[in-house]
Amino acid sequence: MRTRQHKWSRPVFAYLAAALILVYLSYLLPQLLPGDFVTAMYAGADVSLNALQEAELKAYFLDNQTFGEYLGNLVRLDWGYSAAFFAPVSTLFFAALPWTIVLMGTAHILSSFLGFFLGVEAAWRRGSLVEKSGVGTMTVLEGIPEICTGALLLLVFSLHLGWFPAAGAQTAYAEQTTFQWVLDVLHHLTLPLITLVAAYFPGNFLLARAGMVMVLKKQFVLTAKAKGLPPGRVRYAHAARNALLPLVTRFGLRFAFMVTGALVVETIFSYPGLGTLLFNAISMRDLPLIQGIVLFASLMVLVVNLCMEWVYTLLDPRVSHAS
Amino acid sequence: MQVHIQNLRVSYLEENHSLLALDRLDLTLHPGRITAMVGESGCGKTTLGKAIMGLLPDNARLRGQILLDRDNVPDLDEARMNTLRWSTAAMVFQNGTATFNPVHRLVDQVAEPLVLKGTPRKKAMAKAVDMLAHMGLAPEMARRYPHELSGGQAQRGLLAMALILDPPLVILDEPTAALDAMTKAFIARVIQDLRVRGKTILLITHDLDLAQALADDIVVLYLGQIMEHLPGRDLLENPSHPYTLALARAFPAMDAVRDLGGIRGDAFYRMVHAHAGESGTDHVHTHVAAPDSFHQGGHAPPRGCLFQPRCTQAVEACTRDEIAIMPSGDHQVRCLRGGIAQLLCFEQVAKSYGPIKALAPTDLTLMAGEVFCLVGETGSGKTTLAMIAAAAIIPDQGKRIFQGRDMDIWVKKEFTSLAPKIGVIYQNPAESVSHRFTVFDIVAEPLRIHKMETRTEKIHSRVLRALSDVRLSTAPEFLQRYPHELNMGAIQRVCLARALVHDPDLLIADEPTSALDPSVQAKVLKMLLGLQIEKGLTMLFVTHNIGLARKVADRIGVMVDGRIIETGPAARIINHPGHQYTKMLINSARGLSDTPQGMSQVYR
Ligand SMILES: Nc1ncnc2c1ncn2[C@@H]1O[C@H](COP(=O)(O)OP(=O)(O)O)[C@@H](O)[C@H]1O
Ligand code: SF4
Ligand SMILES: [Mg+2]
């Protein structure tokens, strides 16, 4: 048991240290920027600050809080005040976070599962017409950027046909039962979700197929067949299980960069998630908000990485804990 | 379970040709018998195993029958075949660890077939642990992942996995490759145990020792064709086919004594393809090619013996006739000449010089492609015998048959056609060359004397080739040197070049290295053996040094006072000498007491 703890504590400490460094950098950021930073920030923006707000902001950034205080404030969710939105940063953040998680999470899970199963089945039918045309189509689809798919879907299904809403995540101020609300949310979710799945699925499919094609050449797959196992078991318990790792890596990476990944799609569909929030914050040069979201996004990368290390050891016994 | 394979032909389709991996193979495997299959890698051994399991890859095409009792594998649908797999026929695949799935525990993989056949999981796991324990793997080992196992442990695990359903047919593909001696011995015991329990066993192996020790029958495969089918005990000591002999000679057997020889030539493979011939139309044909020389050297004929390019005893008909496998004693051999041919045969040959009986009536046979060492003290009649073999001395009585013809008649009537077939290296190099000859003239002498070649430039090129064969300089200055300008090693090489310049079939070497110091001797010997294999020579090697004989001989004959008292495979003569005198020779060579000097009197 002791050795196990030892194995585990090392990466956790390393990640904690990295997280602290990130927070420290974010703490230093305003001080590193030259000049009167508040004036510079808001000078060209659409936001007009009154004297009081300006004074408050300057006080917030220039009151020389110590790193300890900064850290304390972070933990207390006191992340400053957004002058552009007239709301505390944390309030804005937590209002946007669930929508991003719903959109991005569903998109990733759907595209990964679909990509995995179809990729595995395609590899198994290697050389068949279905497989060849599948690979061809996916290669083409992978080249289409999500901004195109998104804009096209918006234009056709929302603006032209009017089947789906063009903005938002739910209908505002509507009296709805929970069931109606869920339907409403799904209705809003459909187009951005399809856009993202269309963007992520082809890559996952191709990756899963390529991995599986490699694995199918391995000696142990022949052994599994020789053992008279049912084809489904050979395919999944033996072959696909070994093709999983690259797919999981890709899933993790995509998940880690969730916020930036959401930026384009959320903006196209005016979906009220972190991506849209970040986009707006940047266009209005609202520093406290930018600072908060960027810090969250970078910490997210760390957390996901740590999780991935753990998942790897579960998936492949050859990955040692220490590395 | 009886496995009956008939007229099996497997080819692999490639982009623009196909590869013939097995050709019209007939083989029957019996319950309670171990059939070993040997042959160089790429000859189709694994292909056969996979074919029996119905596991050939998609690009393979199969014709013929594989009957597992009454089920013909090529006719079975996938579902039916899948019910036979592992419960009726199990295979231990080659390269151990890679055979296991890296992400599942050993015991899970061993238990898996049981679970799928309906055994409750707990019971199946217990049974798997038992089976692994039976193979010498402790329960904590069973919980390991494949990458945590050594090669030997993985091999034990594979056996456990293959035997978990107690199948009547077990195919083992290289089960002992790259294993330590202990594990090897253990696995051999497991296989023997399987035979006792009446299993049908196909043992594919490179390890000829193992094959000889375990197998009842041995099948020698070459380029997908069975070359010889022989009883297990005969593999190393009494092969019939030239290829079997070559394999045995190339194999580092535990008690082999001769320094490792190779098999001459390259490994080849067979391809079937079509391309435009001279007439411009595509025609489909088979041919033999070296792995990386696509069409170099032209097309070998589609008919004839596959082993012909490497055979040491090929005759012209070998490239022409279709060769069937034929019985020869209790062997079956695919060879036009009925197996390894006799090159030279003495029947009661004797020679006296006045009152001295140099050679008592003697029988002796030299097989094509072998190195026969004649060992004995000075004065025991070795040189007399060698010179009679070289047709340089006419015996008083007896019969000499060389390549199937009576040598005495041949010498008298047609010496010019006999002489080029024999090359001789004489006992004393410095004395065997004329001191008035240059290096060039010495080497060219046999060509000129026997009028084998008259065109000057031809003579020149053959001399140069012979000199470079023996790793001597071919520079013009060197060709004009005289023997007294050369050292002993160089003179000996010149003599060797002279013996080989006319491409003989039989090389007679009388104490070729005894005048050399040990380091030069080692070099010359190594070169000589290399040439013997490369050119497929039969060699009669005469020496007084049994230690030396041990390093070069396939067979050894021991001579005392004009008589051969014992002949046999080198390994047997050295390790289990039958005659008291031989034992003494060996002991004295090992530096023990009892010098043989003068002891021959005792055995008169
Ligand atoms: N899947 C395949 N596709 C094409 N050629 C193959 C394939 N498997 C084996 N071969 C070829 O068939 C021949 C026999 O191979 P194999 O049965 O593996 O020989 P061995 O087990 O005796 O080493 C070799 O020339 C090999 O290159
Ligand atoms: S003698 Fe001819 S038939 Fe016999 S193995 Fe040699 S080449 Fe083949
Ligand atoms: Mg093989």
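Me: How many bridges join strand E3 to strand E9 in chain B, and do they run parallel or antiparallel?
Reply: Happy to start there, keeping in mind that this is a predicted model. Strand E9 of chain B covers residues 217–222, and within it B:Asp217 is the bridge partner of B:Thr35. E3(B) and E9(B) run parallel, and the bridges that join them number four.

Me: Which residue of E8(B) is the bridge partner of B:Met37?
Reply: E3(B) is also joined to strand E8, residues 200–204 of chain B, by four bridges. Those two strands run parallel. In E8(B), the partner of B:Met37 is B:Ile204.

Me: Are the residues on the two faces of E3(B) buried or exposed?
Reply: Let's take one side at a time: B:Ile34, B:Ala36 and B:Val38 lie on one face, with B:Thr35 and B:Met37 on the other. Strand E3 spans residues 34–38, and five of its five residues fall in one class. On both faces, these residues are buried.

Me: Which protein atoms are the donors of the magnesium ion, ligand 3?
Reply: Two residues supply them, at 2.1 to 2.4 Å from the ion, and they are B:Thr46 and B:Gln94. B:Thr46 sits in helix H1 and B:Gln94 in the loop between strand E6 and helix H3, 48 residues apart. The donor atoms are OG1 of B:Thr46 and OE1 of B:Gln94.

How values were computed: Residues are numbered from 1 along each chain as its sequence is written. Chains are lettered from A and ligands numbered from 1 in the order in which they are written. This is a predicted model: local features need pLDDT of at least 70, side-chain atom pairs count only at pLDDT 80 or more; totals for chains, interfaces and linings use all residues. Side-chain values use heavy atoms; hydrogens and water are left out. Buried means under 20% relative accessible area, exposed over 50%, partly exposed in between (1.4 Å probe, protein chains only). Two strands pair if DSSP finds at least two bridges between them. Donors are N, O and S atoms within 2.8 Å of the metal (3.2 Å for Na, K and Ca); water is not among the atoms, so sites may look incomplete.
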